[in-house]
Amino acid sequence: MFIVAMPHRANLVAVINPDKGMLFDIRTKKFLKSVPKWGGFCTKDGKYGLYAPTRGGLELLELKKGSSVKTFIPRVAEGVFTVICMFNKTDEYVLYYHSGKKTLRVFRLTDAKMLANYRVPAELSAIETTEDGRAVVIATVDGCLTVLAIADPNKNSFLSALPSRDETWKKKMDKQRTAKLFKAAAAITKFCVSVSEPNLKEEVGSSINNSQLHTSKILSKG
């Protein structure tokens, strides 16, 4: 059991049980309604929620009526595993992680189409999306932090701007690498010169002193 603050109205909170969610108005201290099967995740406007049982399946719920409006994953027996599901920051996509399969699936909210089925290298420990909703940041128990871009075919402008889609990207990186190497070589040379200057001054000073001493000896003999 846990409590969720409704994002669209500050006076509403939901108490989430394993089988339902109960909505309360903390201003009037009244119970409003219960939403069967709701897991606590909802869109920013509070209209839709997610139902993802641990035995498998993923559905979109209309919180006002408490009914299922879309099915992302049919209800199939996959065993009892840890499931993480959420909306991205812009409410355009639904993310679904299954610990048994160790996969992160991404669905488009408008048509429930699966866009990605990413195999996570280790067990997922944390997940978040960027503010623009275009990328997913995941952390795994092996210490890796990975940023994944959501490749939506309906948004070609974003995909074309990725470095991997730029044909001249390799040449640009080579130029940057050459410039960095040149700057590093210049810095090393400057450091070597600064270190060798005091020693050079000491050698010049000692040679001058020796020559003066030799001259004084000659004069004294004369």
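1. An open sheet of three strands runs in the order β12-β13-β14, with antiparallel pairing. Its edge strands are β12 (124–129) and β14 (145–149), each of which pairs on one side only. From one strand to the next the twist averages 20°; axes here are lines fitted to C-alpha atoms, and angles run from 0 to 180 degrees between N-to-C directions. Strands are DSSP runs (E, at least two residues), numbered from the N terminus, and two of them pair if DSSP finds at least two bridges between them.

2. This is a predicted model, in which local features need pLDDT of at least 70 and side-chain atom pairs count only at pLDDT 80 or more, while totals for chains, interfaces and linings use all residues. Residues are numbered from 1 along each chain as its sequence is written, and side-chain values use heavy atoms, with hydrogens and water left out.

3. Within the sheet, β12 and strand β13 (residues 135–140) are antiparallel and joined by five bridges. T129 stands opposite V136 in β13.

4. F2 stands opposite I16 in β2.

5. The structure holds five salt bridges, a salt bridge being a side-chain nitrogen of Lys or Arg within 4 Å of a carboxyl oxygen of Asp or Glu. K37, E59 and R75 are linked in a network of such bridges. In the pair of K37 and E59 the closest N and O atoms are 3.8 Å apart.

6. E59 is buried at 8% relative accessibility, K37 is partly exposed at 26%, and R75 is exposed at 52%.

7. Another salt bridge joins the side chains of E128 and K89 (3.7 Å, N to O). It links distant parts of the chain: E128 is in strand β12 and K89 in the loop between β8 and β9, 39 residues apart. E128 is partly exposed, with a relative accessible area of 37%, and K89 is partly exposed, at 25%.

8. There are two aromatic pairs in the structure. Rings of Phe, Tyr and Trp (its six-membered ring) pair if their centres lie within 6.5 Å; planes under 30 degrees apart count as stacked, over 60 as edge-to-face and the rest as tilted. One of the pairs, F72 with F107, is tilted, at 5.5 Å centre to centre and 55° between the planes. F72 is in strand β7 (residues 67–73) and F107 in strand β10, 35 residues apart. F72 is buried at 8% relative accessible area, and F107 is buried at 2%.

9. S99 is found in the loop between β9 (93–98) and β10 (103–108) and is buried, with a relative accessible area of 13%. Its side chain reaches the backbone nitrogen of T82 at 2.8 Å. Leaving aside neighbours within four places in sequence, S99 is in contact (heavy atoms within 4.5 Å) with F81 and T82.

Terms used. Helices (H or I, at least four residues) and strands (E, at least two) are DSSP runs, numbered from the N terminus. Buried means under 20% relative accessible area, exposed over 50%, partly exposed in between (1.4 Å probe, protein chains only). A polar contact is a pair of N or O atoms within 3.5 Å; within protein, one must be able to donate a hydrogen and the other to accept it, and residues adjacent in sequence count only if both atoms are side-chain atoms.
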